[in-house]
Amino acid sequence: MKKSLLLLSMAIFSIFFFSSCEDFLETEPVDKLVPNTFFQSEKDLELFTTSFYQRMLPSGLAVVQSDEMGDFTSKNQSPTFISGTYSSVDEGSWNWTNLRNINYFLENFDNEVIPQEARDHYEGIARFFRAWFYFEKVKQYGDVPWYTKTLDTSDQEDLYKPRDSRELVMNNVLEDLNFAVEHIRDTKDNTSSMVTRQVALAFKSRVTLFEGTFRKYHSEAGLGTTANVFLMEAADAAKKVMDAGMYSLYNNGTPATDYRVLFTSENPVNTETMFAVVYNNALRRWHNITWKFNSATYGARWGLNKQFVNTYLMTDGSRFTDKQGYDEFLFVDEMKDRDARLGQTVRSLGYTRSDGSAAPPNFGYTFTGYHILKHSLDDKRLDGISEAYNSIPLIRYAEVLLNYAEAKAELGEFDENIWSQTIGTLRERAGINPVVPTTADSYLQNTYFPDISDKFLLEIRRERSIELCYEGFRYDDLLRWKKGELMEMQWKGIYVPGLDMPMDLDGNGTPDVSFVQTVPDTKVPGVIYYIIDGTASQLSEGTKGHLIWRDDEEREFSEKKYLHPISNSDILLNPNLEQNPGWD
């Protein structure tokens with residue numbers, strides 16, 4: 001039924017928005033749907049708002065791929081935004097079509113023949129998506145024009161107005177979200193595909209946490225005095241989801257598998273997954289994420305970096321980085337007795353494909369040896385075709401817990417009770433003793449956050465990066481924390497004790513890879529030979545040490561890059577748009 005609604009809503013959208021402007025302004029042709037004949041029932045409102053989902057939500061691949069910008073990922077090469085020459089000429093023009101769709105609905109839906117409760121609900125849906133639209137724009141550009149009406153060629157003043165302030169836009173976003181959480185229906189959607197009140201509350205906690213921390217850490221924005229207003233909103237919204245009791249962490253008491261089930265299930269695990277990009281094999285609604293992670297050519301050969309992998313705790317709750325010589329453990333040793341999420345995020349000890357064949361980290365697909373597994377299905381057939389059908393979460397209850405914990409910590413209100421409700425329960429699901437830290441972690445401070453001394457805030461940031469790895473959060477987190485310089489971090493891989501030494505990576509006693517300068521004439525069966533060329537790939541100590549990838553690449557994240565430039569083409573169209581600082 002929902003698929004039929006989606007297809008019909010797409011047809012309606014195309015009729016409305018690919019017709020000429022004159023059709024709306026002057027006539028009501030009989031072959032087109034127009035307000036006087038369409039917005040007549042609740043079903044009409046449902047059909048129209050369903051188009052927002054199709055037009056505005058990211059694909060599953062886009063969610064996963066966005067973490068490519070983060071600091072804990074190695075890949076073929078950095079995006080030109082980080083490494084290379086980037087200017088306003090390279091920035092694509094911004095697009096306002098989806099906003100026009102939303103505002104058109106809001107201008108025309110309010111028909112008194114439709115029950116008020118239904119009108120309020122669908123207005124809430126529209127305003128949720130307007131908040132979604134503007135949140136993405138503000139993250140990218142900062143100040144942007146705020147519009148609450150559809151524009152035509154006669155609206156010269158609005159079409160060519162300057163950007164509105166971030167403060168004004170985000171206050172309006174908050175107003176839209178407040179309306180949404182008050183009026184959207186509170187019935188749980190077990191398909192995890194529709195916006196409900198709980199979804200709106202969870203998204204509000206995300207938006208307000210971002211804005212509150214951005215204002216706190218970006219003094220140049222001049223909004224620091226209002227940071228706590230947004231942080232309190234974040235804590236309040238997250239706590240309402242927690243108190244409603246509709247969602248919980250998916251936990252069957254099997255730490256070795258519970259976490260990964262969330263990312264490989266065809267139907268979203270609706271105990272925890274609140275909102276998702278839903279795929280379906282029977283309907284041939286597929287994606288290519290497994291192919292991207294398991295291809296030497298189709299993907300970017302993503303892999304996690306050693307610095308990040310070091311942050312995963314031991315199962316007893318102790319820090320891996322407190323172990324003597326931790327940074328020179330062989331792969332088979334560093335994977336033992338760790339946070340169970342590590343072995344469900346990268347290929348680890350004992351991992352096999354669906355046919356039972358051993359599948360250690362494949363250096364044809366990753367450069368660092370930390371071969372990402374999360375979101376990939378185990379069927380080898382999907383390594384080369386776009387037919388993966390696992391649904392990809394957009395909002396999980398785990399994020400809500402993390403949002404609550406971080407907001408309370410930033411407000412100075414975090415305590416051991418909140419620890420047990422949030423970080424503690426996440427670690428229990430991962431098979432970790434949820435012991436409360438007694439001191440700040442010096443590894444996290446030295447490697448990532450030298451300006452943070454709060455032991456709880458450090459652990460919250462650790463937990464967030466691990467729990468939400470490759471779910472599209474890391475780049476945004478670095479932006480709001482003002483930690484963009486972490487994207488200049490060296491891409492470091494597994495420890496290699498020496499060249500020409502075959503290594504066992506999955507713990508089954510047989511060698512899987514050997515690092516060489518020249519592939520030998522006689523090869524060991526089953527071993528992949530990885531060439532250390534001394535330029536793109538190196539060992540940190542010459543003939544041994546950590547794999548180092550792309551040290552030949554210069555990465556730079558200057559102050560101006562916390563915002564993208566306004567496209568040169570947009571400034572040419574509207575000279576009243578001022579360029580973001582530092583860009584030309």
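1. First, a term: a residue is called buried here when its relative accessible area is under 20%. Keep in mind that this is a predicted model. With that in hand, look at helix H9, where the buried residues are Arg-166, Val-169, Met-170, Asn-172, Val-173, Leu-174, Asp-176, Leu-177, Phe-179, Ala-180 and Val-181. What do the buried residues of H9 pack against? Their partners are helix H7 (116-141), helix H10 (197-217) and H11. As for length, H9 covers residues 166-183, and its end C-alpha atoms sit 26 Å apart, which agrees with the 26 Å that 18 residues should span at 1.5 Å a residue.

2. On to H10 and H11, both partners of H9's buried residues. The axes of H10 and H11 come within 7 Å and cross at roughly 155°. Angles over 145 degrees count as roughly antiparallel, so that is the label for H10 and H11. The crossing of H10 past H11 is left-handed. On the H10 side, the contact includes Gln-198, Leu-201, Ala-202, Lys-204, Ser-205 and Thr-208. H11 contributes, among others, Ala-227, Phe-230, Leu-231, Glu-233 and Ala-234. Sorted by type, the residues of this H10 and H11 contact come out as 11 nonpolar, five polar and six charged.

3. H11 (residues 227-244) also meets helix H16 (residues 397-410), with axes that come within 8 Å and cross at roughly 140°. That angle makes H11 oblique to H16. H11 passes H16 in a left-handed crossing. From H11, the contact uses Leu-231, Ala-234, Ala-235, Ala-238, Lys-239, Val-241 and Met-242. H16 answers with Tyr-397, Val-400, Leu-401, Tyr-404, Ala-407, Lys-408 and Glu-410. The tally for the contact of H11 with H16 is 11 nonpolar, no polar and three charged. If you are tracing side chains, note that Leu-231 of H11 is listed in the contact with H10 and in the contact with H16.

4. H4 (residues 42-56) has 15 residues, which should span 21 Å at 1.5 Å a residue; its end C-alpha atoms are 22 Å apart, which agrees. How much of H4 is buried? The helix is mostly covered, with 11 of its 15 residues buried. Those are Asp-44, Leu-45, Glu-46, Leu-47, Phe-48, Thr-49, Thr-50, Ser-51, Phe-52, Tyr-53 and Met-56. H6 (residues 97-108) has 12 residues and reaches 17 Å from its first C-alpha to its last, close to the 16 Å expected. Its buried residues are Asn-98, Leu-99, Asn-101, Ile-102, Asn-103, Tyr-104, Phe-105 and Leu-106.

5. Now for some backbone angles to check. Most residues other than glycine have a negative phi. Asp-337, however, has a positive phi near 55°. You will find Asp-337 in the loop between helix H15 (331-334) and strand E4 (392-396), and at 55% relative accessibility it counts as exposed. Lys-482 is also not a glycine, and its phi is positive at about 55°. Lys-482 belongs to the loop between helix H21 (474-480) and E5. Is Lys-482 buried or partly exposed? With a relative accessible area of 23%, Lys-482 is partly exposed.

6. At 1% relative accessibility, Leu-342 counts as buried. Leaving aside residues up to four places away in sequence, Leu-342 touches Val-309, Tyr-312 and Met-335. Leu-342 and Thr-425 are 83 residues apart in sequence, and their C-alpha atoms are 17 Å apart in space.

7. Gly-498 lies between strand E5 (491-496) and strand E6 (513-516), and with a relative accessible area of 6% it is buried. Which residues does Gly-498 touch, not counting those up to four places away in sequence? They are Thr-543 and Lys-544. Asn-190 sits in the loop between H9 and H10 and, at 48% relative accessibility, counts as partly exposed. Asn-190 and Asn-267 are 77 residues apart in sequence but 9.6 Å apart in space, C-alpha to C-alpha.

Methods: Residues are numbered from 1 along each chain as its sequence is written. This is a predicted model: local features need pLDDT of at least 70, side-chain atom pairs count only at pLDDT 80 or more; totals for chains, interfaces and linings use all residues. Side-chain values use heavy atoms; hydrogens and water are left out. Helices (H or I, at least four residues) and strands (E, at least two) are DSSP runs, numbered from the N terminus. The expected span of a helix is 1.5 Å times one less than its number of residues. Buried means under 20% relative accessible area, exposed over 50%, partly exposed in between (1.4 Å probe, protein chains only). Axes are lines fitted to C-alpha atoms, for helices over the stretch in contact, and angles run from 0 to 180 degrees between N-to-C directions. Angles under 35 degrees count as roughly parallel, over 145 as roughly antiparallel, 65 to 115 as roughly perpendicular and the rest as oblique. A crossing is left-handed if the near helix is turned anticlockwise from the far one by less than a right angle, and right-handed if clockwise. Contact means heavy atoms within 4.5 Å. Ala, Val, Leu, Ile, Met, Phe, Trp, Tyr, Cys and Pro count as nonpolar, Asp, Glu, Lys and Arg as charged, and the others, Gly among them, as polar.
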